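Subject: Structure handover

Hello,

Here is the structure you asked to take over. Please open it first, then read the notes below it.

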Amino acid sequence: MAPARSRGEKHMTHQPIGIYAYPWDVLDEGSAAVLNAVERAGLNNLYLALWYHSGMFFLPHNPMRRVYFPTPGAMYFQPGSWHGEHALAPPVSDLCDDWTSLWRKLAAEAKQRDIRLSAWMPVLHNSGVGTAHPEISVENPWGDRISHTLCPSNESVTDLAAKVAGNVAELGIFERILLESVEYLPLRHDHHHEVIGVPMSFDTEFLASLCFCDACRHRAAHAGIDTESVRRWARGTVDDAIGDGTREPMGWEEIESGADGQFGDFLRVREEGVARASKRIVSSVRSKAPGIRVAALDFGPLYPLGANGRRWQNGVDLDAILPLFDELHPTFYFSDLETMAEKISSYSALLGGEISLVPAIRAILPQTDSLESLVAQVELVAPIATGYTFYNYSFMQLGSLDWIKSAIRARPPELKGDK
């Protein structure tokens with residue numbers, strides 16, 4: 001297995017400037033049309049979802065369908081022999097009879113145009129697997145199962161993710177694997193007809209998202225934590241907060257002192273589970289394709305509680321995961337430019353140039369409504385960026401491709417830092 005890249009080691013490569021897209025874009029529009037779009041936007045990377053969750057998607061330029069509901073949790077490639085035996089095996093999408101041929105054809109055409117392909121997957125955000133196997137999904141403080149998020153502390157979940165990611169890597173056509181959502185997802189996640197009709201402050205929403213499944217309780221108990229006391233404290237704090245009373249939201253120091261001081265230890269165990277899962281998945285990728293770049297999509301800038309040292313509320317400990325990855329792709333999905341600037345500044349201070357950063361920008365509504373808006377966003381992230389990604393070709397008007405080209409011409413990313 002190739003070793004993880006050290007933070008100080010320099011790697012010279014082209015600046016990845018890419019756009020997200022879906023398999024149905026390639027199937028419905030054709031590979032030439034999608035690659036034409038990449039070129040029209042002045043980009044050199046196409047990020048394709050190879051394992052995806054669910055949704056209802058409005059597709060403004062798709063010639064075959066205007067609204068699409070993807071098969072929840074489907075894979076868009078032909079998996080290895082493990083698939084017939086694994087208890088959690090997700091479905092293979094039936095949109096295409098021969099995924100291998102489709103991706104090889106796309107890769108050959110992309111190579112002729114000097115466009116690189118990257119695979120992208122929201123690993124533990126998987127309503128298909130979570131609904132079919134609720135016992136491995138997150139169990140909240142009240143005992144409810146959260147079907148759209150799988151628990152990273154569950155060994156069978158980690159094993160599944162490692163096998164899927166390893167299979168994608170060994171296809172041999174992707175320059176990088178971008179791993180999304182190796183974490184505990186927040187409570188509020190725009191699930192189907194999601195309704196939260198009471199006020200929830202940032203701290204109580206976080207406590208309501210915690211997992212107390214068998215795997216999490218076992219790990220915490222092994223560390224000497226009274227998990228039932230922690231659970232009662234989390235549940236009681238949220239129940240009190242959503243009643244008629246008023247309260248001041250807690251900061252990290254007060255949160256960590258909860259449950260008679262045990263809550264901080266509980267968070268450390270939670271973070272260890274995420275780090276362990278990340279290491280296992282990345283190791284699988286590198287063992288199958290030693291030369292591949294491995295990146296993590298970091299939702300940290302979006303979390304309202306902010307950084308807890310160098311840790312996020314989703315269980316990601318940056319110090320634990322940075323040695324595993326070649327790049328971080330922080331998400332700066334903000335409509336308000338002042339807020340975006342503040343988040344970029346705090347993120348830069350947090351990491352201090354330790355790893356290549358490829359910021360993600362939503363080039364669709366509501367974050368982007370004009371060329372000027374997109375140019376301003378790119379201008380803000382440029383000082384920390386070694387590349388950019390833009391979300392998402394499938395959803396945008398084709399004229400937005402011209403906005404992207406103009407924005408990156410105005411402020412190309414700088415080749416700097418750890419590559």
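Let me start with a loop. Asp114 sits in the loop between α3 and β5 (116-122). Helices (H or I, at least four residues) and strands (E, at least two) are DSSP runs, numbered from the N terminus. Phi of Asp114 is near 60°, a positive value in a residue other than glycine.

A word on the source. This is a predicted model, in which local features need pLDDT of at least 70 and side-chain atom pairs count only at pLDDT 80 or more, while totals for chains, interfaces and linings use all residues. Residues are numbered from 1 along each chain as its sequence is written, and side-chain values use heavy atoms, leaving out hydrogens and water.

Next, two cis peptide bonds. One runs from Leu365 to Pro366, with omega near 5°. Pro366 lies in the loop between β12 (360-362) and α13. Another runs from Tyr391 to Asn392, with omega near 0°. Asn392 belongs to the loop between β13 (388-391) and α14 (399-410).

Now the helix packing. The axes of α5 (residues 155-169) and α10 (residues 263-288) come within 8 Å and cross at roughly 25°. Axes are lines fitted to C-alpha atoms, for helices over the stretch in contact, and angles run from 0 to 180 degrees between N-to-C directions. α5 and α10 are therefore roughly parallel to each other (angles under 35 degrees count as such). Their contact (heavy atoms within 4.5 Å) includes Ala161 and Ala165 in α5 and Ile281 and Val285 in α10.

α12 (residues 337-351) and α13 (residues 371-381) pack at about 20°, with axes 10 Å apart. Leu337, Met340, Ala341 and Ile344 of α12 make the contact with Ala376, Gln377, Leu380 and Val381 of α13. This pair is also roughly parallel.

On to charges. The structure holds 27 salt bridges (a side-chain nitrogen of Lys or Arg within 4 Å of a carboxyl oxygen of Asp or Glu). One of them joins Lys105 and Glu109, at 2.6 Å from N to O. These two residues are four apart in helix α3 (residues 99-112), so about one helical turn separates them.

Last, the surface. Met56, Phe58, Val67 and Phe69 form a nonpolar patch with about 440 Å² of accessible area together. Such patches take residues with over 30% relative accessible area and no salt bridge, with nonpolar side chains (Val, Leu, Ile, Met, Phe, Trp, Tyr) joined within 5 Å. Areas come from the Shrake-Rupley method with a 1.4 Å probe, and for residues only the protein chains shown count as cover. Phe58 lies in strand β3 (residues 57-58).

Best wishes

Conventions. Patches are made of residues with over 30% relative accessible area and no salt bridge: like charges are joined within 9 Å, nonpolar side chains (Val, Leu, Ile, Met, Phe, Trp, Tyr) within 5 Å. Angles under 35 degrees count as roughly parallel, over 145 as roughly antiparallel, 65 to 115 as roughly perpendicular and the rest as oblique.
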